[in-house]
Amino acid sequence: IIATRYSDYDLIILQELISILKKDNKEIIIFDNALEITQKSSFLLNRLDNFVYKEKRFPNIQELERIEHEMFMDLDNKIYVNLKIEEIAKKNKVYLIQRKKIFCNLDNKTCPALTDDGYKIYYDYGHITTEGAKFFSRKIQNDSLFLKYLYSTFNLSFN
């Protein structure tokens, strides 16, 4: 599994890394870049924490929806890198997991700031809390393409 906060240098060496792993007959899964908040603040706060810090209160439903939409828009800053990763994955016939499809609602153009139980998902500009990790692991468990690849690639059984 290859996942990082891809820099331009990472994109340069990604092709070489895949070639090396393939020579060793390794199965490869690549994750593209994750959501990273681009909001300017003196602290590296996530959008939800920044709102609470500035407003001294928790956002109402409409404000939370706006925050979650802004989080989705932050992904636009990763478009170039993620397109390059997708291109490299296709060229090398490597399975790609697009985090946007797991971490966000593409129809509503939002990325959740809170779990279903009301816990914060991000503890700063891009790192996930323990509750956020549990939240996303439940989501990825329901990703049929990922599961199909995982089971067929690693000869796992559906128990």
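1. K78 counts as buried, since its relative accessibility is 12% (buried is under 20% relative accessible area, exposed over 50%, partly exposed in between, with a 1.4 Å probe and protein chains only). Before going on, please note that this is a predicted model, with local features needing pLDDT of at least 70 and side-chain atom pairs pLDDT 80 or more, while totals for chains, interfaces and linings use all residues. Residues are numbered from 1 along each chain as its sequence is written, and side-chain values use heavy atoms, leaving out hydrogens and water.

2. The partner of K78 is E36: the two form a salt bridge whose closest N and O atoms are 3.6 Å apart (a Lys or Arg side-chain nitrogen within 4 Å of an Asp or Glu carboxyl oxygen). Because K78 sits in the loop between α3 and α4 (79-92) and E36 in the loop between β1 and α2, this pair ties together parts 42 residues apart in sequence. E36 is buried too, at 15% relative accessible area. Elements here are DSSP runs, numbered from the N terminus: helices (H or I) of at least four residues and strands (E) of at least two.

3. Have a look next at K120 and D49, a salt bridge with its closest N and O atoms 2.7 Å apart. K120 belongs to the loop between α5 and α6 and D49 to helix α2, so this pair ties together parts 71 residues apart in sequence. K120 is partly exposed, with a relative accessible area of 31%, whereas D49 is buried at 17%.

4. K90 and E86 make a local pair, with 3.4 Å between the closest N and O atoms of their salt bridge. They are four residues apart in helix α4, which means that about one helical turn separates them. K90 is exposed at 60% relative accessible area, while E86 is partly exposed at 23%.

5. Across the whole structure, the search finds ten salt bridges. R47, R66, E70 and D74 are linked by such bridges into a network.

6. L35 is worth a click in your viewer. Leaving aside neighbours within four places in sequence, L35 is in contact (heavy atoms within 4.5 Å) with M71, D74, L75, C111, Y122, Y125 and G126.

7. L21 lies in helix α1 (residues 8-23). With neighbours within four places set aside, L21 touches I2, K26 and I28. L21 counts as partly exposed because its relative accessibility is 24%.

8. Finally, there is one cavity of 30 Å³ or more (points on a 1 Å grid where a 1.4 Å probe fits but cannot get out, with lining residues having an atom within 4 Å of a point). The lining is made by N46, R47, L48, M71, A113, K120, I121 and Y122.

Note on methods. On a 1 Å grid over the protein atoms alone, a cavity is a set of points where a 1.4 Å probe fits but cannot get out, and a pocket is an open set with protein on both sides within 12 Å along at least five of seven lines; lining residues have an atom within 4 Å of a point. Grid points are joined across faces, edges and corners, and a volume is the space filled by probe spheres set on the points.
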